[in-house]
Structure formats: C-alpha cells, structure tokens
Amino acid sequence: MPENNGPAKDGPAHWWDGVLQAVAKLRDLGRKLSEYFAPQEDEPVSGVGDDIAAAFKHLHWGRVARLLPAAALLVYLGSGLYVVRPGEVGVIRTFGRVTQDEVGEGLHWRWPWPIQKVNRVNVTAVQREGIGVDIPEHKPPICPPGAEFHVLTGDENVVNIKVVAQYVVQDAGDYLFRVKLEPYGIVRNCLKHAATETIGRLSVDDILTRRKVEAQNAIQRLAQKSLDLYGAGIKLVNINFEDVAPPEAVRDAFKEVSSAREEAEKKIHDAEAYRNSLMARAQGEADQLRTEAEGYAVRTVKQAEGDAAKFLQMTEEYRKNVRIYSEDVTRARYFLETMEKIMPRVKKYLVKTGPGQLNLRLFSPSED
Amino acid sequence: MHRKSLRWTMGVGVIAILFVVGNLMLFVVDETESVVITQFGNPVRAITQGGLNWKLPDPIQSITRYDKRAMIFTPEQMEFLTADKKDLLIETYTCWRIKDPIRFMRALGSVPSAEVRISDILSSEAGAALGNYEMSQLINTDPAEMKLAELTGKTATRCSERVAPYGIEIVDLRIKSIYFPQKNLDSVYSRMKAERERIAQKYRSEGMAEATRIRAQADKEKQTLLAEAYKEAETIKGNADAQAIGVYASAFGRDPEFYKFLRTLQTYEKIMDENTTLVLPTDSDLLQLMSQGPAAAQ
C-alpha cells in the first residue's frame, strides 16, 4: 500500500521526523513479514510456516499489534493478585520499604514487581530447634549431626545436654528482614548462650535432678531476651531438656553416688526398723516386769493379810480356849496335837535319862 | 488513521524511553539494605531507609549495596587462659550490624573483611578480659561470684569502641559455650570421678554412722527402759514387802508370845518328816508319863 508517512517535503524539518522515519521502517518490516506468511496461490501448501500462517491468517496484524500492549498490561496487573493462606501473614514492601506487615488471609492485590513485593510467613506453625540433638529438617546443620553439647556446671563438673526449643514467628516483618541468619540458627545460638550461663550457676546435682524445670524456664527467659534484643521476631514457646547426663567417661562414678546414697538410706531404714522392733519388745518386757511386780505386790500383801487374819483368828480361838480351859491346858493341848502329827512320821529313839528305871507299867506296884 | 497510529507509536516510544531512563537513574533500596552512592568512586551519600531513590546514571554515580540487617558472626572456638591459669575453649557469637555504611565502605568494604576484623578484635579483647577473671567467676553456684555476664558486657563494650571507626555497631556479644580442651579432658574426668567417689564414700560412711548411732541409741533406750521398769518393779515389790511386814507386825505384835509359840509348833510340823530321826529323852515332858507314871502329870 502506498505510504504517505514520508518526511514532509514542505515546511521546516521537525525533530520527530527521524522518529517517524524509524517507525515507518518498522511498519515496512512488519508488512514484509506478513507477506511472507501469506499463502501463495501457485505454490503448494507445505511446511510449518505455511501451517502457522494458515492458522493465523484471519488475524489482522495491525489490530493484534494495537491490542498486544493492552493485553500485556492486563497480564502484568493481574500478576499482582496473591493469596494469603490460613495461618499465614503477608508482608508488603513498596519499593523496598515495608509498608504493610499484617496482611490477613484471603485473596489480595498489590502492585506487581518492581513496585511492590509480597512475602508470606506462617505465623502459627510451631518450629523446632535444638542443641545437642539433630533436627533433620534443618539443612545444613549449623553444628555437625550427633554432636554433643557440653556445659560446665557451677561446681566445675561437665554435663552433656540435649535441649529442644519450640518457637513461632511473633512479628512477620522483623522475622523476615531484621536478622541475617536462618531463624533456627539464631535460636540455636541464643539457646547455647542461655544454657551455658544458666547451667554455669547450678551444681551438677541440681541440674541432674532437682532444678531441671527451673533451669528450663531460666534458659527460655534468657534466650528470649536475646532474641528480642536482636529483633528476630521470634517467640520461644517451650524449652525442654530431652536429656541431661554426665559424660560417658564418668557416668559410672555418678551412678556409684546414687547407689551409695540408696545403700546409706537402706542402712538407716533398717536401723530404724531395728529400733522400732527393739523398743516395742523392750516396752513389752518393761510392762511385763511391772505387771509381775504388781502381781507379786498384791499376792504378798494379800498373803500377809491372810496370814495375819488367820493368826488373829487363831489368837481369838486360843483366847477363847484360855478363858474356858486355862492357858497351860490350852498350850499343852496345842503342843500334843502337833506331836501327834509329827511323831508318826519320824524315826524315834527313846533314851533313858534321869534316875530310876524305865517304868512302863501303868499302875505302880505301891498301889493295892 | 495515520495520526492515530502515530500517536500510538509515540506513546509506546515514550514508555520505552521512560523505562530505559528509569533503569539508569532510579533504584530501589530494600528494607534489608543500606546503599552508598559513589561518584567516580567517592562515596557521597548513604541511604539507610528502604524506598525508591534516584541517582545520576553510571558511570557518573554508582551504587554499592550493603546488608543492613543484624548479622551473627560465629567464629571458631578459641582457647584462652584465665587469671588462674586454667585453659578453656570458648565459643562466642557476636551480633553486629553496619551502622555507618560510608565509613564501612571506606574502611572495610565487605562483610568477610568485617568478620576478619571483628574476629581479631574479639579474640584480643576476650583474651584480655578472660585473663582478668578466674574460672570460678565464670561458673559458680554462688550468684554473687558468677560474673560471666559482666565479663561479656565489658568485652562487648571494648569491642564496640574498637569497631566504631569501621562504621560497625556491636549489638551483642555472648559466650555460647565454655569447655575444656581435649588435652585436659582426662584430668578433668579424673577429678570428677574422684569427687564422685568422695561423695559416694561420704554417703556410705554417713549412712553407716547414722545407722550405727540409731542402733546404739535404740539399745541404750532399751536398757534405760528396762532399768526403769526394773526399778519400778522392785519399788513396788519393796513397798509390798514393807506393807506385808507391817501387816504381820501389827497382827503378830498383838500377842508376840503366842505368835512365837504357834509359829514354833508350825515349824516343828514342817521340818520333821520321814527322814528325821528324833532321839527323845525319857524325862521330857512328852514322855514323862512313861517314866513316872500317870501321877507325874499335874
């Protein structure tokens, strides 16, 4: 088609003539290209170029050229759409500076790059990091896998500890842009320092037994303080000692202390049991002594009273007899009664003493 | 038709030009960056806030970007001697940031060189500081003695002063681990073992002593208890005996002569049994009738 966009032959040359010339040349190029792709009637249809040309034959190149920028603009603006998933928060940087740091969940739009950039951070997921343990999801490990973490205790002993911390993102903007290190790396360093300082104040017995929970809390406090100081935007939610133990080389010596203490306690316990049973028996014996004495007392007094009463009774009877029979007679009677009891039992020898002969006759010869 | 397409292409051209100009003269400073604008190599301006800025195109003015964020530098373990000549392996970390990018650029220029410089300063200051503290001030169960935080605070301050000329700020400096060098570990373990043995021994001997004490105490208490009871029993018995004696005395005292008589007769009855042999004189009262006839009985 005849073009009459050539430079104006009449009138002064304008500065945009050169530009118009360039544009005209571009249009010529475009026309030549479309001619090239137009099917030739006297040539057989063959080749990819002919197929493509046939497919796009109905398009009007000019219109396409005009529509293309608008379409491109639409695509470009469309790329500004983004989704913030549940549990996430979006942070928008406009020309590099953070302008929004709390974009909630849902579909949003921002100016696409290079005007605005969006980063999404999961603020609800709890992440883990540990010292002395391997957290496999963190690669590369900041310290070699399986490395033990040794800490000195306040009384110059050594313990190996395994600590696991759980943390969440507290401030998305800080989390993303304030510290140049992976979050788990920051946490790890803060934990190590907190553990060193905390356990350095405790004795080895305390950290192995009584004050473990106290130590966990102290470590959490100290580590959180450091994290806040650096603006890491991280909040520790839990610190847990997975293991606290003396080093392998001295483990037996520590066990020895435990068993020694158990033995000592058992010995004391046995001694107390001995004492309890001994005292119980002794009390029993004491009571028995007392009871026996009391029994004796009662018996003795009763016997005395009985004997006394009997004597009084006999005295009464004697007095009665004396009143009736006279003292000599009564006494003689008592005497003879006793002899009657004794004499049958004993062996008797009669010895004549005194003058005269033994006279067993009942009646004397002098009587007639 | 021609004017319209003319304006169209003009529009496209203008946008293209703006684009090119923008690339050459506009630049974005990110939230995490500081940027130094240098003119023919000399730093002229530092931008520390994120945003869109402009400069003259290269090669008149160019930009150097630095990380504005806090950085955590974790050097390798270092060995130090304490004031009481104890050899310790110390691991530290330093949280630092570029505070004055222009000064930083002039003095150091890159983060690796900064780290080298920080490392040097750190090891010299930490070594000096540790040389002033004894090991018992780094770890101690007595909170008044434990001066670890003071040590790191002092070291951080000294390091801060020394790095300030480089445009660096030390945010924090901490010791993250204290340990004994490998070569000393054996003696440390021996000491720990000996201490544990001593403690175990103490438990055993204390336990034994306490147990023995309890047993001895129990024995003594038993003796005391029984002695008391015995005394009480004897007292009771004694009292009873006295009481009995009193009863006898008051009864027999009424007629002591008769008591003697009766009692003697009872004794005869008791002591003379089948095994007794009596030799009786015929002039005894009992047998007087035999020798003297009935007339003798009066």
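1. In this predicted model, B:Arg158 has a relative accessibility of 38% and therefore counts as partly exposed. The class of partly exposed residues runs between the buried limit of under 20% and the exposed limit of over 50%. B:Glu161, at 47% relative accessibility, therefore also counts as partly exposed.

2. These two residues, B:Glu161 and B:Arg158, are joined by a salt bridge between their side chains, with an N to O distance of 2.9 Å. Helix 5 of chain B (residues 148–163) contains both B:Glu161 and B:Arg158, and they are three residues apart, about one turn of the helix.

3. Where do B:Glu91 and B:Lys176 lie in chain B? The side chains of B:Glu91 and B:Lys176 form a salt bridge at 3.8 Å, N to O. This pair links distant parts of the chain: B:Glu91 belongs to strand 8 (residues 87–98) of chain B and B:Lys176 to strand 9 (residues 168–179) of chain B, 85 residues apart. B:Glu91 and B:Lys176 are both buried.

4. In chain A, a salt bridge connects A:Arg188 with A:Glu129, and their closest N and O atoms are 2.8 Å apart. Here too the pair links distant parts of the chain, with A:Arg188 in helix 5 (residues 183–199) of chain A and A:Glu129 in strand 6 (residues 127–131) of chain A, 59 residues apart. Both A:Arg188 and A:Glu129 are buried.

5. How many salt bridges does the structure hold over all chains? The total over all chains is 38 salt bridges.

Definitions and conventions. Residues numbered from 1 in each chain as written. Chains lettered and ligands numbered in written order. Predicted model: local features only at pLDDT ≥ 70, side-chain atom pairs only at ≥ 80, totals over all residues. Heavy atoms only, no water. Salt bridge = Lys/Arg side-chain N within 4 Å of Asp/Glu carboxyl O. Helix = DSSP H or I, 4+ residues; strand = E, 2+ residues; numbered from the N terminus. Buried < 20%, exposed > 50% of the residue type's maximum accessible area, 1.4 Å probe, protein only.
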